[in-house]
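Hi everyone, thanks for making time this morning. Have a look at the model on the screen, and I'll walk you through it a piece at a time.

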Amino acid sequence: MKRVLVACGNGIATSTVVATKIREKCEENGVAVTVNQCKLLEVESKADDYDLLVTTGKFTGGTVTIPVITAISLLTGIGEEATLDQIVEELKK
Amino acid sequence: MQIFYNIFNVILDAGATVMLPIIITIVGLIFGVKLGKAFRSGLMLGIGFAGINLVINMMKSSIGPAAQAMVENFGIHLDILDVGWGSIAAVTWASPIIALLIFAILATNIIMLVLKITDTLDVDIWNYHHMAIVGILVYYVTKNVFLGVSASIVMAVVSFKLSDWTAPLVEDFFGIPGVSLPTMSALSSVIIAAPLNWILDRIPGVNKLDFSVKDAKKYLGIFGEPMMLGLIFGCVIGALARYSVAEILTLGVNMATVMVLIPKMTSLFMEGLMPISDAAKKFCQEKFKGRNLLIGLDAAIVVGNPDVITTSLIVIPLTILMAAILPGNRVLPFADLAVVTFRVALPVAMTKGNLFKNIIIGLFCTAAILLAGTATSPILTALATEVGLDLGSNMITSFAGPSLTVSYLIYTAFTGNLLISVPVMLLAIGAIWFFMARKGRQSMAKA
């Protein structure tokens, strides 16, 4: 079971959109995941427990040791599939 | 006829948790969402509302008496509870006229796009609540649906134009092209920040000031973590209420609970609205295919910037101190301290990360929010009670809704002496629009 942390400004709005899309995509591809959401400000204290960090905007405010994917395309709809594939790829490693 | 009237009354009497599923199902069906999915969306919103009600109940019963005791002990008169933007959004979505407002706002966006007077395609239906709440409050005060819808339309026009004008900031400072942020919680600060930044740049000496704070996160990081903020906040209020040690600690944990649970409940709302938002997005993107549009997104995408975070971590504790001494303020800032990042994001971009100016501007913005929050609390509390939030005798507000400077001004214009206030408002908007159009697209970035 892979663990994904989705972070956005308030841990509510855009992260819910992204988290839902990741869950659906992983289910289609048979990847077992738990997806949790948080605020960007909390990322550093939480990231250690996860395999992948997905942010909805640019995350430049700190350092984490896990892979980070920026998923703004899941909000704009432009390049959405490519980003989802990249996430699945990362989780299959 | 009588039977319809009876059914309608039963639903109205049952309150928001029953009305929300019905209204949202209908909105979903209109957008072409399948019945089963639309109903699940609606039910999820009803659940979200019930959940928020539970958390607010916990909040008012634990911090309400403590805030009262604090008033008696020290004369710190902060008796209006900040229940957070999510709670106010819940009240907004539970209003009987919400469906009408959603379509009015969407129609405003489409018409402006067709007339080419905006480039922002805003299908972030969720954030329509910032525009809708003003219309709902105006309707609640005036009992006039036309005025309510008009107020939301004005909010929409102002939101889309401010988004257009700030898009260069989003591109240049935050490095995200092709996107604008029609989220009033972030945009509202601009009308304070733009003139204030202009003034600060022209005061000799002051315009040279800047400093940087190393390790702001190391020492102030706890102000960015809702649960730690809630715990400390609860304990301090408990101490000021002269509670026993056990009571102080209990209040701390309770407040931490509220801070963590409110966003969880609010995300149920977001989840419920997603199918409808998606349907609206598909519909609009097909309509305007081929045109170079700015896609309107939630301001959440820019608040991860390190300058925004540093500014917020400093502004949050200063705002709490300011609340105690700001003349006329009665708001006890709490739940929305977690989203100060949104309020300072665009000012930070405007000053290009000058921390000195950011803190000054940030404090002006939060001060304006506290004062507008105090002024609009009675009417907001009455509205929230009517749609079914159980508040007891407590007054509520947030850092969103009518507390936002732009929203407050438009709300005031629509509930004042209409013959004077509405023309003044339209003139002001027109003048700013004219000024911005003359300065050209890059003006915000340079100003």
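In chain A, 49% of the 93 residues count as buried. Buried here means that 20 or more other C-beta atoms lie within 10 Å of the residue's own; exposed means 12 or fewer, partly exposed is in between, and the C-beta atoms are placed from the backbone. Please keep in mind that this is a predicted model, where local features need pLDDT of at least 70 and side-chain atom pairs count only at pLDDT 80 or more, while totals for chains, interfaces and linings use all residues. Residues are numbered from 1 along each chain as its sequence is written, and chains are lettered from A, with ligands numbered from 1, in the order in which they are written.

How does chain A compare with a compact globule? A compact globule of 93 residues would have a radius of gyration near 12 Å, and chain A agrees, with 12 Å. That radius is taken over C-alpha atoms, and the globule rule is 2.2 Å times the number of residues to the power 0.38. Along the principal axes, the C-alpha atoms of chain A fill a box of roughly 30 × 30 × 20 Å. Among the contacts in chain A with a separation of 6 or more, 55% come from residues 24 or more positions apart. A contact means that two C-beta atoms, placed from the backbone, lie within 7 Å.

Now the elements. Chain A has four helices and four strands, and along the sequence they read β-α-β-α-β-β-α-α. These are DSSP runs numbered from the N terminus, with helices being H or I of at least four residues and strands being E of at least two.

Let's stop at strand β3(A), residues 52-55. Leu52(A) and Val54(A) point one way, Leu53(A) and Thr55(A) point the other way, and all are buried. Which strands does β3(A) run parallel to? On one hand there is β1(A), residues 2-8, joined to β3(A) by four bridges; on the other there is β4(A), residues 68-70, joined to β3(A) by three. Strands count as paired if DSSP finds at least two bridges between them. Val54(A) is the bridge partner of Val6(A), and Val54(A) also stands opposite Ile69(A) in β4(A).

Over to chain B, where the mean pLDDT is 89 and 98% of the residues reach 70 or more. For anyone new to it, pLDDT is the predictor's confidence in each residue, from 0 to 100. The model scores ipTM 0.75 and pTM 0.87.

Chain B has an open sheet of three strands in the order β2-β4-β3, with parallel pairing. Its edges are β2(B), residues 120-121, and β3(B), residues 179-180; each has a single partner strand, so one side of each is left without a neighbour in the sheet. Two bridges join β2(B) to β4(B), and Thr120(B) stands opposite Leu294(B).

Is Leu293(B) buried or partly exposed? Partly exposed, because it has 18 C-beta neighbours inside 10 Å. Beyond its neighbours within four places in sequence, Leu293(B) is in contact with Asp119(B), Leu121(B) and Phe288(B). Leu293(B) and Ser180(B) are 113 residues apart in sequence, yet 9.4 Å apart in space, C-alpha to C-alpha.

Next, helix α5(B), residues 98-114. Buried residues of α5(B) include Ile98(B), Leu101(B), Ile105(B) and Met112(B), and the buried set packs against α2, α4, β2, α6 and α7 of chain B. Just after the helix, Lys116(B) takes a positive phi of about 60 degrees.

Last stop, the interface. Here 26 residues of chain A are in contact with 32 residues of chain B. On the chain A side, α1(A) and α3(A) are the elements that give two or more residues, and α1(A) gives the largest share, five residues. By class, that side has nine nonpolar, 15 polar and two charged residues. Charged means Asp, Glu, Lys and Arg; nonpolar means Ala, Val, Leu, Ile, Met, Phe, Trp, Tyr, Cys and Pro; the others, Gly among them, are polar.

That's the tour, and I'm happy to go back to any part of it.
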